[in-house]
Amino acid sequence: EAAEPMLFGGGEPMDRVQMPVPPAVHNLSVKLFFDDMSSKWLAQQMTVYDCSIFRGITVEEFLGFGWTRPDRQAHAPNISKATTWFNSMSFALTCILVNKSTPSARAIVMARYVYAMNECRKLRNFHSVMIFLSCLNSASVARLKLSWQAVPSQCVELLRKHTEMMSHLGGFKEYRKAIATKVRSKNTYVPHMGVMLSDLVHLNDKSPTFRTDGNGRKQVSVSKMMELSALLRKWPWSAFSRICNSILGDEDLLDVFDAVTRSDTESMEDMLWERSISAEKTAAQV
């Protein structure tokens, strides 16, 4: 694989002509582009942060479907934090990218993200792989044709391969193959949370929890409980602490990740799209 190019240094953390962003996103931009951080280090720190959340998840959070409730913070706090982190980090990365003022500057950031995503894949952190894919394949980024033209071809190819690996086609067939592969006899990986939650919802919807026997008595469905047990056993419960203990965490950056997770990003989605339109007007608008 091609080596990561020299990327950043000097100037403003974000360009002066930009959409307003939460302070946490600004601080993330500073950490990523002005602290001499490699894509490998970024991937490692995202992996540590993912695992710090995932290792707190309990069986009860999965079984209670608490993440689907309005008060999900109370019933599934760690699953809720994992999904909020996913959405907020994807937004932050997208915001940083579209705020760059030229196609060449945006292309550099795109390449940086692809290399970091590839490092996440090497670490078998599929949750963060999806964070980068969510950013790079978002409507606000995918439409930046001039910027994509300046991205090195090897980066475009890497993005294509990762997109295929995490595709929902065939019930996430390629992703399931990837997590089934053991490394040094251990199946250590950080799963894509969305797939696990979708599997649980599908199992819950396809068969009732209770069945009525011939005498009209309600009984727990043994077959459903066996399927549920098998699904929960596939979750790599012991992997997260093991991964956290194997990678040195950067406390300053992890604090920035925490701040990003707490940021209000949902209200800024329309603004992000408008900034993308402003960055590269379509042919019809020129």
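I am working from a predicted model, where local features need pLDDT of at least 70, side-chain atom pairs need 80 or more, and totals for chains, interfaces and linings use all residues. Residues are numbered from 1 along each chain as its sequence is written, and side-chain values use heavy atoms, without hydrogens and water.

**Salt bridges.** I looked up salt bridges (a side-chain nitrogen of Lys or Arg within 4 Å of a carboxyl oxygen of Asp or Glu). The structure holds eight.

**Lys 81 and Asp 258.** I found these side chains paired in a salt bridge, 3.4 Å from N to O. Lys 81 sits in helix H5 (residues 77–98) and Asp 258 in helix H15 (residues 251–262), so the pair ties together parts 177 residues apart in sequence. Helices here are DSSP runs (H or I, at least four residues), numbered from the N terminus. Lys 81 is partly exposed, at 32% relative accessible area. I noted the cut-offs: buried is under 20%, exposed over 50%, partly exposed in between (1.4 Å probe, protein chains only). Asp 258 is partly exposed too, at 24%.

**Lys 206 and Glu 227.** Their closest N and O atoms are 2.9 Å apart in a salt bridge. This pair links helix H12 (residues 193–206) with helix H13 (residues 222–234).

**Lys 177 and Glu 174.** I saw a salt bridge here with 3.6 Å between the closest N and O atoms. Both residues lie in helix H11 (residues 169–180), three residues apart, about one turn of the helix.

**Glu 119.** I asked: is Glu 119 buried or exposed? Glu 119 is buried, at 18% relative accessible area. I placed Glu 119 in helix H6 (residues 103–122).

Notes. Helix = DSSP H or I, 4+ residues; strand = E, 2+ residues; numbered from the N terminus.
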